[in-house]
Amino acid sequence: MSKRNERQPAPLSRRPLLVIDGDSFAHRSYHALPKTILRRGRKPAGAILGFANMLLRFYRDEQPRAVFVAWDTLDVPTYRHQKFPAYQSGREFDDALLEQLDVLPKFVAACGFLNAKAPGFEADDFLAAAATAEEKRGGTVLVASGDRDTFQLASDHTTILYPVRAGEMARIGPAEVRARYGIDPAQVPDFIALRGDPSDKVPGAPGVGAAGAATVLQKYGSLEAALEAGRFPAIAERLRLFRSLATMNRKAPLPSLRSQKPTWHKAAALARGWELNQLAHRLEELEAQGQAASIA
C-alpha cells in the first residue's frame with residue numbers, strides 16, 4: 001500500500017521563506033572546522049564545507065519555498081561606519097576566510113538559491129527587508145542568524161533560528177525575546193543603544209547594562225520617550241545615533257523572492273570541481289531523491 005498520503009509536504013506557496021545571514025554561518029564554520037580541510041589547488045575549504053552542510057540541513061529540516069542568503073560587503077563602509085567611525089572597528093579576518101567568503105555565493109547560486117550583497121548594506125539589512133516583504137505578502141519567515149540583533153525581526157510570522165550549542169537551533173519568537181530580555185522585539189534597537197554592543201564597538205549608556213536597559217524600556221516604552229522625560233540628557237543624541245546603528249534597514253534592495261526548485265546537480269558539479277567529493281555525493285543524492293519524488 002502506498003504511503004505517499006501519510007505525510008504530504010505543504011504546498012510550495014505556503015512554506016516559509018528561509019533567509020540566512022551568510023557571513024554569520026561562514027564565520028562559525030571557519031572557526032569550528034579544521035583548517036586542514038582543503039579543496040582543489042590546496043585552497044582552504046572549511047568554511048565552504050561547514051556552510052554547505054548547514055544550508056543542506058536547514059533545507060531538509062524546514063522545507064522552505066525559497067532560500068535567500070545575505071552577505072556583508074567587507075571592503076566598502078556602510079552608512080553606519082560613516083555615522084560612527086568606531087563602528088565595528090578593529091575587526092580583522094584571515095585571508096583564508098575572506099577567500100572562501102568570496103566564493104560561497106557561487107555555491108548558493110549553484111543550489112538554485114538567491115544571494116544579496118551590495119555596497120553600503122550589511123547582511124542584516126537584507127534579512128530585515130526580506131522578512132518585511134514576505135510578511136506583507138502573507139507568508140511566514142525563518143531568519144537564520146547567530147546575531148541577536150535579528151531578534152528585532154521576531155513576530156507572529158517571523159521566527160529567528162539562533163544557534164545555541166552543538167548545532168542546535170533555538171527558535172526565537174516574540175515570547176522568547178520577552179523571556180530573555182524583558183522587552184518586545186520592536187524595542188531591541190533601543191535596548192542595544194542603551195546596553196551597548198561590544199562586538200560592534202557601540203558603547204551604550206555608561207553604567208546601564210542589560211538589566212538597566214530593560215528597566216528603562218519597561219518604564220518608558222521606548223528610548224525616545226525616556227529621552228523626552230529627561231533621562232540621559234548629556235548623551236541623548238549619541239543614544240539616538242546608537243539606536244539608528246542597531247536598527248535594520250527594511251528598505252534594502254531585494255531580488256525577486258519567488259519560489260524556487262533547487263538545482264542540486266549544479267551544486268554537485270561545483271563541489272566536484274572543488275574536489276569536495278563527499279559534499280558532491282550528498283548533493284547528488286538530493287538530486288536523485290528529488291527526481292524520484294517528481295515521478296512517484
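Guide: In strand E6, Ala144 is the bridge partner of Ile20. Two strands pair if DSSP finds at least two bridges between them.

The model is predicted, so local features need pLDDT of at least 70 and side-chain atom pairs count only at pLDDT 80 or more, while totals for chains, interfaces and linings use all residues. Residues are numbered from 1 along each chain as its sequence is written, and side-chain values use heavy atoms, with hydrogens and water left out.

E1 also pairs with strand E4 (residues 66-70), in the parallel sense and over five bridges. There, Leu17 has Ala66 as its bridge partner. Buried means under 20% relative accessible area, exposed means over 50%, and partly exposed lies in between, with a 1.4 Å probe and protein chains only. Leu17, Val19 and Asp21 point one way from E1, and Leu18 and Ile20 point the other way.

Next come the rings. Rings of Phe, Tyr and Trp (its six-membered ring) pair if their centres lie within 6.5 Å; planes under 30 degrees apart count as stacked, over 60 as edge-to-face and the rest as tilted. By this rule the count comes to 10 aromatic pairs. In one of them, Phe25 and Phe58 have ring centres 5.6 Å apart and planes at 85°, so the pair is edge-to-face. Phe25 lies in helix H1 and Phe58 in helix H2 (residues 46-62), so the pair ties together parts that are 33 residues apart in sequence. Phe25 is buried at 5% relative accessibility, and Phe58 is buried at 4%. The rings of Tyr59 and Trp264 are also edge-to-face, because their centres are 5.3 Å apart and their planes at 85°. This pair links distant parts of the chain, with Tyr59 in helix H2 and Trp264 in helix H11, 205 residues apart. Both Tyr59 and Trp264 are buried. Elsewhere, ring pairs link Phe151, Tyr162, Tyr181 and Phe191 into a cluster.

Technical notes:
Helix = DSSP H or I, 4+ residues; strand = E, 2+ residues; numbered from the N terminus.
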